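Me: Hi! I have a protein model open and would like to talk it through with you. Could you have a look?

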Amino acid sequence: MPTKPTIARIWRGRTRPEIADDYEAYLKAEGIPPLEQTALGVQLFREDREQESWFTTISYWPDLESMTAFTKGEPTKVHHLDRDPELLIELPESIQIHRIV
């Protein structure tokens with residue numbers, strides 16, 4: 001029987017609209033693959049606004065322990081990608097953790 005997710009880990013970041021396509025490609029190449037290899041599933045969302053483009057990544061985990069093992073410690077700590085300081089408007093300070101009910 002497949003493992004069902006009980007935890008969702010949500011990251012949000014925003015970038016300037018003129019580099020949003022580049023950031024999306026960067027996320028798909030560098031940020032999403034490690035999650036795809038470890039989490040039960042992952043989704044990437046993009047919301048384009050006039051002044052900024054928001055990206056939301058939601059990964060799904062069987063339990064808090066497996067997510068904590070992936071993050072190597074504190075599950076709400078953000079692990080920034082190498083180019084995030086250059087591409088994001090500001091660096092996100094935390095991750096949201098939600099139980100799937």
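This is a predicted model: local features need pLDDT of at least 70, side-chain atom pairs count only at pLDDT 80 or more; totals for chains, interfaces and linings use all residues.

Me: Let's start with strand 1. Is it mostly covered or open?

Reply: Mostly covered: eight of the nine residues in strand 1 are buried. Buried means under 20% relative accessible area, exposed means over 50%, and partly exposed is in between (1.4 Å probe, protein chains only). Helices (H or I, at least four residues) and strands (E, at least two) are DSSP runs, numbered from the N terminus.

Me: Which strands does strand 1 pair with?

Reply: Strand 3 is one partner, running antiparallel to strand 1 with nine bridges between them. Strand 4 (residues 96–99) also pairs with strand 1 in the antiparallel sense, over four bridges. Two strands count as paired if DSSP finds at least two bridges between them.

Me: Which residue of strand 3 stands opposite Thr15? And what is the partner of Ile10 in strand 4?

Reply: Thr15 stands opposite Ser53, and Ile10 has Gln96 as its bridge partner.

Me: Tell me about Ser53. Buried or exposed?

Reply: Ser53 counts as buried, at 1% relative accessibility. The side chains of Ser53 and Asp48 are joined by a polar contact of 2.7 Å. A polar contact is a pair of N or O atoms within 3.5 Å; within protein, one must be able to donate a hydrogen and the other to accept it, and residues adjacent in sequence count only if both atoms are side-chain atoms. Setting aside neighbours within four places in sequence, Ser53 is in contact (heavy atoms within 4.5 Å) with residues including Gly13, Arg14, Pro17 and Ala20.

Me: And Thr57, where is that?

Reply: Thr57 sits in strand 3 (residues 53–61), and at 7% relative accessibility Thr57 counts as buried. Not counting residues up to four places away in sequence, Thr57 touches several others, among them Arg9, Trp11, Ile32 and Leu44.

Me: Switching topic: how many salt bridges are there?

Reply: The structure holds 10 salt bridges, each a side-chain nitrogen of Lys or Arg within 4 Å of a carboxyl oxygen of Asp or Glu. One of them joins the side chains of Arg14 and Glu52 (2.5 Å, N to O). Arg14 lies in strand 1 (residues 7–15) and Glu52 in the loop between strand 2 (41–48) and strand 3, so the pair ties together parts that are 38 residues apart in sequence.

Me: Why can side chains like those pair?

Reply: Side chains of opposite charge can pair when their charged atoms come close.

Me: Is that pair buried or exposed?

Reply: Buried on both sides: Arg14 has a relative accessible area of 17%, and Glu52 is at 14%.

Me: What about Arg16?

Reply: Arg16 forms a salt bridge with Glu18, with the closest N and O atoms 3.0 Å apart. Arg16 is partly exposed at 36%, and Glu18 is exposed at 59%.

Me: What does Lys28 pair with?

Reply: Lys28 meets Glu24 in a salt bridge (2.9 Å, N to O). The two are four residues apart in helix 1 (residues 20–38), separated by about one helical turn. Elsewhere, salt bridges that share partners join Arg14, Glu47, Arg49, Glu52 and Glu90 into one network.

Me: Where is Asp84, and what does its side chain do?

Reply: Asp84 lies in helix 3 (residues 84–87) and is buried, with a relative accessible area of 2%. The side chains of Asp84 and Tyr23 are joined by a polar contact of 2.8 Å. Leaving aside neighbours within four places in sequence, Asp84 is in contact with Tyr23, Tyr26 and Leu91.

Me: Last one: what volume does the largest pocket have?

Reply: The largest pocket has a volume of about 420 Å³. Of the 21 residues that line it, the closest to its centre are Arg9, Gly31, Leu35, Phe70 and His79. Helix 1 gives the largest share of the lining, seven residues. On a 1 Å grid over the protein atoms alone, a pocket is an open set of points where a 1.4 Å probe fits, with protein on both sides within 12 Å along at least five of seven lines; lining residues have an atom within 4 Å of a point. Grid points are joined across faces, edges and corners, and the volume is the space filled by probe spheres set on the points.

Key
Residues are numbered from 1 along each chain as its sequence is written. Side-chain values use heavy atoms; hydrogens and water are left out.
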